[in-house]
Amino acid sequence: MTVSENHAAHGHGTGGHDGGGQGAASGGWTTAARMLQDASPITVPEGASAMTIHVAWEPGDPGTPPHRHSGPAFGYVIQGAVRFELEGEPERVVEAGGTFWEPGGDVIHYQDGNALGDARTEFVVTMMCAPGKPMLELVDEAELAERAHLRAPRPTSAPS
């Protein structure tokens with residue numbers, strides 16, 4: 001789906017958004033952008049602020065300890081591969097050019113580290129934050145133990 005098809009599919013239409021340039025007249029804007037991620041439904045806290053950050057993990061860096069965000073977060077992997085795990089979902093690896101998102105709120109984000117032991121990983125993430133709440137809140141060991149039943153089964157390593 002192109003961005004313009006998605007724009008129309010979400011009831012936005014296409015009228016009045018041509019920007020007045022030559023590209024708009026030729027329709028090039030309808031194919032210049034490619035949809036990378038379309039998440040729905042999302043809940044954005046009323047009065048939320050947004051922050052976009054660039055994260056660079058050195059080889060093998062485990063990333064941020066288990067945490068949560070007060071609002072949704074949307075990310076794009078620029079280079080390398082991110083080991084990504086949300087509460088209730090199996091761990092996965094998101095490679096360069098891939099996207100990820102998390103709903104925020106009560107959901108624990110277990111992993112966002114570098115899945116590569118020999119190369120740097122970089123990603124950009126836009127996070128929305130509820131007023132008066134921190135953008136990122138670490139989860140303590142007691143809460144992790146209390147919610148262990150909500151975590152997807154962990155991958156097992158093969159015997160050596």
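## Overview

Of the 160 residues in the protein chain, 32% count as buried, where buried means under 20% relative accessible area, exposed means over 50%, and partly exposed covers what is in between (1.4 Å probe, protein chains only). Please keep in mind that this is a predicted model: local features need pLDDT of at least 70, side-chain atom pairs count only at pLDDT 80 or more, and totals for chains, interfaces and linings use all residues. Residues are numbered from 1 along each chain as its sequence is written, and side-chain values use heavy atoms, with hydrogens and water left out.

The protein chain has four helices and nine strands; helices (H or I, at least four residues) and strands (E, at least two) are DSSP runs, numbered from the N terminus. Along the sequence, their pattern reads α-α-α-β-β-β-β-β-β-β-β-β-α.

Four of them form an open sheet in the order 1-8-3-6, with antiparallel pairing; two strands pair if DSSP finds at least two bridges between them. At the edges are strand 1 (49–57) and strand 6 (99–102), each of which pairs on one side only. From one strand to the next, the twist averages 20°, with axes taken as lines fitted to C-alpha atoms (for helices over the stretch in contact) and angles running from 0 to 180 degrees between N-to-C directions.

Strand 8 (residues 121–129) pairs with strand 3 in the antiparallel sense, over six bridges.

## Aromatic pairs

A search of the whole structure finds three aromatic pairs. Rings of Phe, Tyr and Trp (its six-membered ring) pair if their centres lie within 6.5 Å; planes under 30 degrees apart count as stacked, over 60 as edge-to-face and the rest as tilted. One of the pairs joins F84 and F100, whose ring centres are 4.9 Å apart with the planes at 35°, so this pair is tilted. F84 sits in strand 4 (residues 81–86) and F100 in strand 6, so the pair links distant parts of the chain, 16 residues apart. Both F84 and F100 are buried.

F100 also forms an edge-to-face pair with F123, at 5.5 Å centre to centre and 80° between the planes. This pair, too, links distant parts of the chain: F100 in strand 6 and F123 in strand 8 are 23 residues apart. F123 is buried, as is F100. Through these ring pairs, F84, F100 and F123 are linked into a cluster.

## Salt bridges

The whole structure holds nine salt bridges, each defined as a side-chain nitrogen of Lys or Arg within 4 Å of a carboxyl oxygen of Asp or Glu. In one of them, E58 meets R120, with the closest N and O atoms 3.3 Å apart. E58 lies in the loop between strand 1 and strand 2 (67–68) and R120 in the loop between strand 7 (109–114) and strand 8, so this pair ties together parts that are 62 residues apart in sequence. Both ends count as partly exposed, E58 at 43% relative accessibility and R120 at 37%.

Another salt bridge joins the side chains of R147 and D106 (2.8 Å, N to O). Here again distant parts of the chain are linked: R147 is in the segment after helix 4 (141–146) and D106 in the loop between strand 6 and strand 7, 41 residues apart. R147 counts as buried at 10% relative accessibility, whereas D106 counts as partly exposed at 47%. R147 forms a salt bridge with E143 as well, the closest N and O atoms being 3.6 Å apart. R68, E87, D106, E143 and R147 are linked in a network of salt bridges.

On the surface, L36, Y76 and I78 form a nonpolar patch with about 240 Å² of accessible area together. Patches are made of residues with over 30% relative accessible area and no salt bridge; like charges are joined within 9 Å, and nonpolar side chains (Val, Leu, Ile, Met, Phe, Trp, Tyr) within 5 Å. Accessible areas come from the Shrake-Rupley method with a 1.4 Å probe, and for residues only the protein chains shown count as cover. Y76 belongs to strand 3 (residues 73–79) and counts as partly exposed at 31% relative accessibility.

V93 lies in strand 5 (residues 92–95) and is partly exposed, with a relative accessible area of 41%. Its C-alpha atom is separated by 5.5 Å from that of V82, eleven residues apart along the chain.
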